[in-house]
Amino acid sequence: MKKINSYLHIIVPAVLSSFLTTNSSARKTKPNIIYILADDLGYAELGCYGQKKIETPNIDQLASEGIRFTQFYAGAPVSAPSRSTLLTGLHTGHTPIRGNDEMASRGDVWNLAAMIYNPNLEGQAPMPAGTVTIATVLKNAGYATACIGKWGLGYPGSVSTPEKVGFDFFYGYNCQRQAHDYFPPYLYRNEDREFLANKVVHERNQMLARNSDIFADSTYAKYRQQDYAPDLMFKELIQYVQENKHHPFFMYWATPIPHVPLQAPQQWIDYYIKKFGNETPYTGNKGYFPCRYPHATYAAMISYLDEQVGILINELKTAGIYDNTLILFTSDNGPTFNGGSDSPFFDSAAPFKSEQGWGKTSLNEGGIRVPMIAVWKGKIKPNSVTNHMATGWDVMPTLCEIAKIKSPATDGISFYPALISKKQSKHNFLYWEFPETGGSKAVRMGKWKGIIKSYIKTKNRTIKLYDLEQDPREQNDVAKDHPEIIQQMITILQKEHIDPENPEFRME
């Protein structure tokens, strides 16, 4: 693992240019790279990972044409820090964003109506100025770079909006909270708002009134408006591919699907109503918007995303660039527990536990073990599977190796050899820290998984140890039987943490 002198690898352009290649002839042979990051998609919510109720034929086809990882980990159990680890190549002991900091000191940051008049209420805490990302290095290597979807790593006008950290083009949600409605009042094109034909649904949480007819479709009408953001973002994505097909491009497609609220195209909802039958409505008691058919709508969101993936593949083939395009598909963390979603119904994190406390926001396997599929015709062997243990902060060195450029210092190890069935270097350990929900830390070391929960809230320092080969659901703590493993993990916990600049993310 490369040594990191500080938790940021801020590199001035003169230094950066010394290890980047921009030779025009080389650019013609570099592959396009499309990184698809789903939002809250569980390990087992795709057919190729064992899902039985939700249909994902196009993503399953990707897996059959490429490689499927069985031990791929998100960088964190929630959105912003997971994306920070991905883009910087640094784990959460080093990366600048380690939690979802909504910067509530600014005022009523959850008031979406107020944001229309006061953009200063939007967005999340930014990465420091000059942060080097995957987009930075690929752009300097001659790639066109685009981010479409959800950002969440710097409020509008801050020092780390997409365009300030290497992306030529951005279209989508700047703010994670705005993405809690798929019918928002506006989306961003680069730094500018584009208003849509939607009204703001004011309240953060929508409970149906007691006298509501919960079985009437009309009760839920206000949550279905005209401009569905995923449609608009996907249209921009396809247009970007068409406009950039003659030179290498890096597309970071950060789709908000299937993060709640439960909102999907009606044709897909109807499909799953026929499949699942009638069901109990979700009335809003666990946050977000009520939904008449929660199971059908959640499944519809994932199948709609799968449909989009199929359209994208056809577009790449029509443009004649599919064979020279590396596509990676994964998720930012495990399945959620709120907003009417029902992870136990879908067994979303199987074979791991996916109930609240075990999926999203948790460093248990259900919260951070995610699907990862990669396809690159002629390079990756079709229908292959790897047990290589990889993670989000490995993506930076991997893409740099593929683009034939030098990677900045990271916590990662390139998994390019695993993609092409070559001998692969392995991590000695993986490390996570998460300052929310009471604070937690975790270490994965071979078959061993160590977790500390309530690290901040209760000052707990007890490491629970699990043998994932024998106990993938993390039910049997064997710490007392392996003091030598615990001691190794204590050393890692002490060594890998560097205090962040943002006090919201600090852990002793």
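Reader: Which residues does Leu316 touch, not counting residues up to four places away in sequence?

Author: Contact means heavy atoms within 4.5 Å. By that rule Leu316 reaches Ile34, Val241, Phe249, Ile321, Tyr322, Thr325 and Ile327, leaving aside residues up to four places away in sequence. Bear in mind that this is a predicted model, where local features need pLDDT of at least 70 and side-chain atom pairs pLDDT 80 or more, while totals for chains, interfaces and linings use all residues. Numbering runs from 1 along each chain as its sequence is written, and side-chain values use heavy atoms, without hydrogens or water.

Reader: Which residues touch the most other members of the largest nonpolar core?

Author: Such a core is a set of buried Ala, Val, Leu, Ile, Met, Phe, Trp, Tyr and Cys residues joined through side-chain atoms within 4.5 Å; buried is under 20% relative accessible area with a 1.4 Å probe, protein chains only. Here the core has 65 residues, and Leu312, Leu316 and Phe329 touch the most other members.

Reader: Why is helix α4 largely enclosed?

Author: Ten of the ten residues of α4 (79–88) are buried, so the rest of the structure largely encloses that helix. They pack against elements including α6 (134–140) and α12 (395–402). Just after α4, Gly89 takes a positive phi of about 75 degrees.

Reader: Which way do the side chains of β12 point?

Author: In a regular strand, side chains alternate between the two faces of the sheet. Strand β12 (430–434; strands are DSSP E runs of at least two) sends Leu430, Trp432 and Phe434 one way and Tyr431 and Glu433 the other, all of them buried.

Note on methods. Buried means under 20% relative accessible area, exposed over 50%, partly exposed in between (1.4 Å probe, protein chains only). Helices (H or I, at least four residues) and strands (E, at least two) are DSSP runs, numbered from the N terminus.
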